[in-house]
Amino acid sequence: MADLQDEPHSVGIGAEDLPAPAAAVAAGALDRAVALLAVHPVADGCNTLVWTLNQRPYHDIETSDTGVDTDIPRLRAGGVGAQFWSLLVPSARAHENATGDQVLSDTLDQIDTALTLMRRYPDSLCLALSADDMADARNRGRIASFLGPVPGSTLTDSLGALRAFHALGVRSLAPAGAPWAQEELTAFGHEVVREANRLAILLDLTDCPPAVACRLAGASKAPVIISNTAAASLNPHPGNVTDEVLAALREANGLAMVTFDTARTGDSLHAVADHLDHVRAIAGPHGVGLGATFGTGPGHPRPTGLTDPSGYPRLIAELLERGWPESEVALLTWGNAQRVVRDAEFTARAAGHRR
Amino acid sequence: MSAAQRLDEARELLAEHPVVDGHNDLPWALRQQVRYDLAQRDIAGDQSAHLHTDIPRLRAGGVGAQFWSVYVRSDYAGDEAVSATLEQIDVVAQLIDRYPGDLVRALTADDMEAARADGRIASLMGAEGGHSINNSLATLRALHRLGVRYMTLTHNDTIDWADSATDEPRHGGLTDFGREVVREMNRVGMLVDLSHVAATTMRDAIAVSAAPVVFSHSSARAVCDHPRNIPDDVLATLPGNGGVAMATFVPKFILPAAVEWTLAADENLRAHGFHHLDTTPEAMALHRAFEAERPRPVATAATVADHLDHMREVAGIDHIGIGGDYDGTAFTPSGLDDVAGYPNLVAELLTRGWSRPDLAKLTWSNAVRVLRDAESVARDLSSSRGPSNAVIR
């Protein structure tokens, strides 16, 4: 399926704003990384800026501020071309509401903040609803902005809210913590999966228990993603993904996106690269992506060299040094994410004829 | 002119100036009766055994635009209320998808005019009660993005920021947050609906609203003294505000004898352990038994016309409309039994000497104008003001 609009025809995103190369990496590799990112920018699976900004409504992301790790200059410098903006509400906040009857409203609030952000920075961010929008945004030098995931716990006994989310632009759903995906995938859970497939909403299995993750990956007709994780066999952190799940993802053409989080990956750029090596080995070159989980306030521990989104070129240089072929690096940064979004759309179109 | 000729004239008038109805509860009826299984209530055909509303009768009634209520019960709160409201919005979208030759989604006054030109029924949505936004202005904006074009500030119960007409007052009208809700509705272009609210809330909302308000289904308190109706002093402010009061047909609000009868019938339902708004078969059977013993006073098109005559006198011909509340009420007036009945009301008004241009304002153009004015206010305000993030402290 050739897509002409996927052919990049401009040099990309913020190449001239790059920070000085880190001494540890050979200048040659960094140059290659920058050149590669200009054509195959980063499509990152997870950034929590929306929640962070919700706590400080007057923050301006057009200028860099040490208070928050994500802003437009650093996204540009890092070669970010597409971003999934997480709309999850931190569990601490959920606990504040003992009755738990605010998750849906909080999520609509997050959607509203994200849409307001896009209206406020139209030269940098543009709402993306499809793989075509992703390619379009790249060609116009904007950061394609996908809304999601939203928490699966917002869906209690009906799919009306899921269709409303879709109508509002949401393209990813996280089942973790939802009553229908606890230890088993319930009958309603299967219905959620079918409806998400029909709407081309990606299922983000981050933080699902391995058994449930495998069930979801098997039940979904469209590829599933894990938007931020690392390899449990290198670091048995509960947020990390087991080889079994990675193999299931490979089977289902899914995508595991590696986080830059000291607790899960270790505290250096090399450690992150080790996780990427492992995920690529088990899930395959078509099953690995990036989901840094930037978008946090100060004090969040980050691997050295990857403290904010401007660090991606250094990581890419490291992978090139390790012998990743450029074609596979291009899959890692952009190609796999775009393919997953496009596959979900194909599945939806096919399902639309049946249901 | 004979009665038959007047009815013909009414139909002819409605063909050109169809009815914009302010309130129809078909979505809730579909939820209650068949849990949204639209195949069981195919409104392309006759559903008179189950519903006041189907497409053939909307056509026979001369309806050109309908605000479908995305009502949820006012004892729902928090996420439950929001979630149910999203389901109601969803079923309206499904209806529009299912009957594209007859229904068309409408978000603006232009959409309404286009639907009329096109011979389809413009389908708009109104939320019924501030409980649907769970004290969140972002949720209000989400409803607007999803197509909701009015919100009734309360339903039957007083909420955290506004007093209802049919509950204990707690705020003396609108709270500060309530006023902010009205301002935000003005900014995004959602009509402020003052049916169901306390008179104090009506006055507060009209005072703060920069856009015309609506009463989506309320009649005149001077004609029938029921709290759901509009006092004359409020009707008299509509010319200054530009709004529209859409007279409702609900007998228990518009016919004094029916008000009394209903109080007794509600008491009877409660005595048997039912909610007084329950419309399950069991509750309806109980209702019918009560009715067999004590005949129910019957309203007619003339009862509604009495209200419209009065509302016209106090608010003026540019500030009245129609909001039947079909499928939201157990009983309807004789002659206005279902959505096919509007020509009988227009015929009654012709008998009373209403001119054709006046009737055109009542049925169509006042309601379209009020939405257009709200859009224009929203364009103005949104260029000077960003979204409000006020919360209740």
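Predicted model: local features only at pLDDT ≥ 70, side-chain atom pairs only at ≥ 80, totals over all residues.

Q: Start with chain A. How many helices and strands are there in chain A?
A: Chain A has 14 helices and ten strands.

Q: And what percentage of its residues are buried?
A: Of the 355 residues in chain A, 57% are buried.

Q: What share of the contacts in chain A comes from residues 24 or more positions apart?
A: Counting contacts with a separation of 6 or more, 76% are between residues 24 or more positions apart.

Q: On to strands. How many residues of S1(A) are buried?
A: Six of six, for strand S1 (residues 42-47) of chain A. The strand is therefore largely enclosed by the rest of the structure.

Q: Which strand is S1(A) joined to, and by how many bridges?
A: S1(A) runs parallel to strand S2 (residues 80-85) of chain A, with four bridges between them. Asn47(A) sits opposite Trp85(A) of S2(A).

Q: How many bridges pair S2(A) with S4(A)?
A: Four, again in the parallel sense. Ala82(A) is opposite Ala144(A) of S4(A).

Q: What about S3(A) and S4(A), how many bridges there?
A: Three bridges join strand S3 (residues 125-127) of chain A to S4(A), and the two run parallel. Cys126(A) also has Ala144(A) opposite.

Q: Is S4(A) covered or open?
A: Mostly covered. Strand S4 (residues 143-147) of chain A has five of its five residues buried.

Q: Which way do the residues of S4(A) point?
A: Ile143(A), Ser145(A) and Leu147(A) point one way, Ala144(A) and Phe146(A) the other way, and all are buried. In a regular strand, side chains alternate between the two faces of the sheet.

Q: There's also the S5, S6, S7 group in chain A. What order do the strands take?
A: The order is S5-S6-S7, in an open sheet of three strands with parallel pairing. Strand S5 (150-151) and strand S7 (202-203) of chain A are the edges, each pairing on one side only.

Q: How many bridges link S6(A) and S7(A)?
A: Two, between parallel strands, with S6 covering residues 172-174 of chain A. Ser172(A) has Leu202(A) of S7(A) as its bridge partner.

Q: Switching to H7(A). How many of its residues are buried?
A: Seven of the nine residues in helix H7 (residues 160-168) of chain A, which is mostly covered. The buried ones are Gly160(A), Ala161(A), Leu162(A), Arg163(A), Ala164(A), Phe165(A) and His166(A).

Q: What covers the buried residues of H7(A)?
A: The cover includes helix H5 (103-120), S5 and helix H8 (187-199) of chain A. H4 of chain B is part of it too.

Q: You mentioned chain B. How many residues of chain B are in contact with chain A?
A: 20 residues of chain B are in contact with 20 residues of chain A. On the chain B side, helix H4 (78-98) and helix H6 (137-145) are the elements giving two or more residues. H4(B) gives the largest share, nine residues.

Q: Now helix packing in chain B. At what angle do H14(B) and H15(B) pack?
A: About 60 degrees, with the axes of helix H14 (residues 301-315) and helix H15 (residues 342-351) of chain B 9 Å apart. That makes H14(B) oblique to H15(B). The crossing is right-handed.

Q: Which residues of H14(B) and H15(B) meet?
A: Ala301(B), Ala302(B), Val304(B), Ala305(B) and Leu308(B) of H14(B) meet Asn344(B), Leu345(B), Glu348(B) and Leu349(B) of H15(B). By class, that contact has seven nonpolar, one polar and one charged residues.

Q: And H12(B) with H13(B), what angle?
A: About 130 degrees, with the axes of helix H12 (residues 256-271) and helix H13 (residues 281-293) of chain B 10 Å apart. The two helices are therefore oblique to each other, and their crossing is right-handed.

Q: Who meets whom between H12(B) and H13(B)?
A: Ala265(B), Asn268(B) and Leu269(B) in H12(B) meet Ala283(B), Leu286(B), His287(B) and Phe290(B) in H13(B). That contact has five nonpolar, two polar and no charged residues.

Notes. Residues numbered from 1 in each chain as written. Chains lettered and ligands numbered in written order. Contact = placed C-beta atoms within 7 Å. Pairing = 2+ DSSP bridges. Axes fitted to C-alpha atoms, helices over the stretch in contact; angles between N-to-C directions. Parallel < 35°, antiparallel > 145°, perpendicular 65-115°, else oblique. Left-handed = near helix turned anticlockwise from the far one by under 90°. Nonpolar A, V, L, I, M, F, W, Y, C, P; charged D, E, K, R; others polar. Buried ≥ 20, exposed ≤ 12 C-beta atoms within 10 Å, placed from the backbone.
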